[in-house]
Amino acid sequence: MRLATWNVNSVRSRVDRVIAFLDRHDIDVLALQETKCRDDQFPYERFDEAGYEVAHVGLNQWNGVAIVSRVGLTDVEIGFPDQPGFDKNAGDSLIETPVVEARALGATCGGVRVWSLYVPNGRSLDDPHYAYKLSWLSTLRDSTARWLAQDPAAKIALVGDWNIAPTDEDVWSPAFFAGKTHTSGPERAAFQAMLDTGLRDVVRSFTPGAFTYWDYTQLRFPRKEGMRIDFILASPTLADQVKDASIDREERKGKGASDHAPVIAEFTD
């Protein structure tokens, strides 16, 4: 199986790029984030023509996640158990009964349980969105631990835009990010807690020093000032089957590119 994840930053704007990417890399399953459309606006027909099934959840022009598969798409699940939400109207606190955002989607594809995840950004260390982010990650960690406890041999892939650079090697300048989100101690501890469940980052050993995201501003991409915040985390059984991985930096080039590059992992049967 060739599994990929890509924060596409509007699937309707970049559907041509996505279809070409699927063909060029012979992708079996693609998880998308920031589709930025409602379910009725998603370009299903383009993927159908290319031979892919699609599961998507999108509530408005923000967030949105999808899973695109040509090896089966069953047991679709919107959101993980007890997924927290954020009250955008309150502005200063979490609420007890929020509307859960379109940030997590699970499906079984070719025998692998794939989760497309768009982790909250956090905004700033003193923003309520930061507390929301940590709560979101903590709950996801608990769910993951339960899944692996119930079936230690399960093939599970948690993939997507994690909005965390887990080490200083994952940012172009640790000093630049001091006091900002994505590199703070609690965020990095939350990412490590995910790995402590048994999940493994199956891409880094194949892509030393590579980034997955470059801001549109300040010429970050040509200056190679990026971050690694997009990951494929695999359960132990699935991680043992990884044979290759890459980051398609070419997709960050040219007119109309997303600010993220796709991340790809190939697994044996």
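Colleague: Why is Arg204 called buried?

Modeller: In this predicted model, where local features need pLDDT of at least 70, side-chain atom pairs count only at pLDDT 80 or more, and totals for chains, interfaces and linings use all residues, Arg204 has a relative accessibility of 16%. Buried means under 20% relative accessible area, exposed means over 50%, and partly exposed lies in between, with a 1.4 Å probe and protein chains only, so Arg204 counts as buried. Residues are numbered from 1 along each chain as its sequence is written, and side-chain values use heavy atoms, with hydrogens and water left out.

Colleague: What makes the contact of Arg204 and Asp170 a salt bridge?

Modeller: The term requires a side-chain nitrogen of Lys or Arg within 4 Å of a carboxyl oxygen of Asp or Glu, and the side chains of Arg204 and Asp170 meet at 3.1 Å, N to O. The pair links distant parts of the chain, 34 residues apart, with Arg204 in the loop between strands E9 and E10 and Asp170 in the loop between strand E8 and helix H4; helices (H or I, at least four residues) and strands (E, at least two) are DSSP runs, numbered from the N terminus. Asp170 has a relative accessible area of 1%, so this residue is buried.

Colleague: Why does the contact of Glu34 and Lys36 count as a salt bridge?

Modeller: The closest N and O atoms of Glu34 and Lys36 are 3.9 Å apart, and the limit is 4 Å, so the pair qualifies. Glu34 is buried at 13% relative accessible area, while Lys36 is partly exposed at 23%.

Colleague: What makes strand E6 largely enclosed?

Modeller: Five of the six residues of E6 (residues 104-109) are buried, so the strand is largely enclosed by the rest of the structure.

Colleague: How do you know which strands pair with E6?

Modeller: Two strands pair if DSSP finds at least two bridges between them; three bridges join E5 to E6 in the antiparallel sense, and six antiparallel bridges join E6 to E7. Glu77 stands opposite Gly106 of E6, and Ala107 has Val114 in E7 as its bridge partner.
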